[in-house]
Amino acid sequence: MGEFRMPSLGADMEAGKLVEWLVKPGAPVKHGDILAVVETQKGAIEIEAFEDGIFERPLVEIGAVVPVGTALAMIAGTGEAAAPEAPVAAAKAGPEVVAAPSPPAAPPPPAAPPVTTGERARVSPAARRLAEQKGVDLLAVTGTGPSGEITLADVEARAGGAPAAPPAAPAGPALVAAEAMTGMRAAIAAAMARSKREIPHYYLAHTVDLTAAEAFVAKYNERREPAERLLLGALFIKAVSLAAKKYPEFSGHFEGGAFTPSAAVHAGVAINIRGTGLVAPAIHDSDQLSLDALMAAMRDLVARVRAGRFRASEVADPTITVSSLGERGVETLYGVIYPPQVAIVGVGMPVLRPWAVDGMIGVRRVVSMTLAGDHRVSDGHRGALFLAAIDTLLQSAEAL
Amino acid sequence: MNATEAEAALTQELRRIAPDVDVAGIDREADLREQFDIDSMDFLNLVTALNKRFGIPIPDADYPRLGSFAGAVAYLVEQVP
């Protein structure tokens, strides 16, 4: 018999709200199955089972906000009889939480394998937010999105055709200002405030010639269907991950006054969610994946993040973050380290610039790469070597 | 394929990628990525979807022709039999 607990999805998380069960009492569950969806400040997170067994009964009602570590449900071990009359502990929906200290019983780390489950309708982040504001029960909404996902329009329809604007907001252009920070914005604010308070950042910048990397991508894509094509971004993630393997002081976690380098590199990929914010879930073992596997992992991750769903194990364990502006924006991005990580690599928008090559000036596409490092763990000398190593790796992209 | 069909198909695929953007409210001549706030991954997903739907190759070199909604409609009209 085991308890299925509210996991910790980062040092700044104190509580989460149970929004959905994906299994019914009596259902068999396997390690890695997604059992529940929890609304945290980072958005809706799918929580995986960490043991095989029978999902016996929920202990917490839908809608309840409970501290990290709270038992959400009982999982009976396989072969065990159904539990005897235990106190029917459908906990009352807690009052708005509760900066309770995390109970000592830390939840086991969530399972890593990318099990595909979750047949339930997905909900776009904007739709979920509106449902929250309007008090619309998402279980009662029929999704009309292309894959059956619940869209903003569905929630609006359910809410009685009311306009999407918050009801009390004054007319006029300043609607946004009247809204409180959403959960995700509050989470970003909390994490970044902690980062700026605790982490003595140093910054380095370097301009990388993309000629070799772009030529490699163009050649790679030439004979491939769009579904198999690479983006330059995959090369950036791979190069950063390989460099982080070589320079371990940039990949790991600083907790309790000490840095623990991570044996595995899990690159956190910053993904923009339209109108909501930013999350940076991990691609596990990103240094080990081939470029096509890494690209497939990125596509899958972005799709799930955009659909408003990703997994606990992806949120909890990035060891270094890569934040890339892509093809729109400005030349340089200076990141803020996401605690308890100790480094973030910022990638700006690639631009054409005059560039000296072999004593001549030519026009090259280049990109600015920056490193924000944690002075408690490393210094600019090592940071410079790390950033330069990323450049070197990108110059021989075929070896990535 | 005529322009009406191309427009309907493009609208549908864009809705899959950016469900919260109203196609009626966009500037059809302006940068598609700006109008839909989509990044290179979203754009590649759009290209992938159009490729699967119509069986047209859409090489990297043609991406600029999909730079605006109107441009993409014209491209589909030309490429899709």
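This is a predicted model: local features need pLDDT of at least 70, side-chain atom pairs count only at pLDDT 80 or more; totals for chains, interfaces and linings use all residues.
Among contacts in chain B between residues at least 6 apart in sequence, what share joins residues at least 24 apart? The figure is 66%.

Start with confidence. Chain A has a mean pLDDT of 81. Of its residues, 78% reach 70 or more. Two stretches call for care. Over residues 81–120 of chain A, pLDDT stays under 50. The model still has 62 contacts beyond four places in sequence for that stretch. Residues 162–178 of chain A also stay under 50. There the model has 11 contacts beyond four places in sequence.

Now the make-up of chain A. Its secondary structure comes to 9 helices and 20 strands. The chain has 400 residues, and 46% of them are buried.

One strand gives a way in. Strand β2 of chain A covers residues 15–21. Buried residues account for 5 of its 7, so β2(A) is largely enclosed by the rest of the structure. It has two partners to look at here. One is strand β4 of chain A, residues 34–40, which runs antiparallel to β2(A) and is joined to it by 4 bridges. Another is strand β7 of chain A, residues 65–67. That pairing is antiparallel too, over 3 bridges.

The largest nonpolar core holds 117 residues. Which of them touch the most other members? They are Val240(A), Val269(A) and Met298(A). Helix α6 of chain A, residues 232–246, gives the most to this core, with 10 residues. A second, separate core has 9 residues. Among them are Ala127(A), Leu130(A), Leu152(A) and Val155(A).

Chain B has 4 helices and 0 strands. Along the sequence the pattern reads α-α-α-α. Of its 81 residues, 31% count as buried. The C-alpha trace of chain B spans about 30 × 25 × 20 Å along its principal axes. Does the radius of gyration fit a compact globule, or what value does chain B have? Chain B has 11 Å. For 81 residues, a compact globule would have a radius of gyration near 12 Å, which agrees.

Finally, the place where the chains meet. Here 16 residues of chain B are in contact with 23 residues of chain A. On the chain B side, α1 (3–17) and α3 (40–54) each supply at least two residues. The largest share comes from α3(B), with 6 residues. By class, this side of chain B has 6 nonpolar, 3 polar and 7 charged residues.

Technical notes. Residues are numbered from 1 along each chain as its sequence is written. Chains are lettered from A and ligands numbered from 1 in the order in which they are written. A residue is buried if 20 or more other C-beta atoms lie within 10 Å of its own, exposed if 12 or fewer, and partly exposed in between; C-beta atoms are placed from the backbone. pLDDT is the predictor's confidence in each residue, from 0 to 100. Two residues are in contact if their C-beta atoms, placed from the backbone, lie within 7 Å. Ala, Val, Leu, Ile, Met, Phe, Trp, Tyr, Cys and Pro count as nonpolar, Asp, Glu, Lys and Arg as charged, and the others, Gly among them, as polar. Two strands pair if DSSP finds at least two bridges between them. A nonpolar core is a set of buried Ala, Val, Leu, Ile, Met, Phe, Trp, Tyr and Cys residues joined through C-beta atoms within 7 Å. The radius of gyration is taken over C-alpha atoms; the globule rule is 2.2 Å times the number of residues to the power 0.38.
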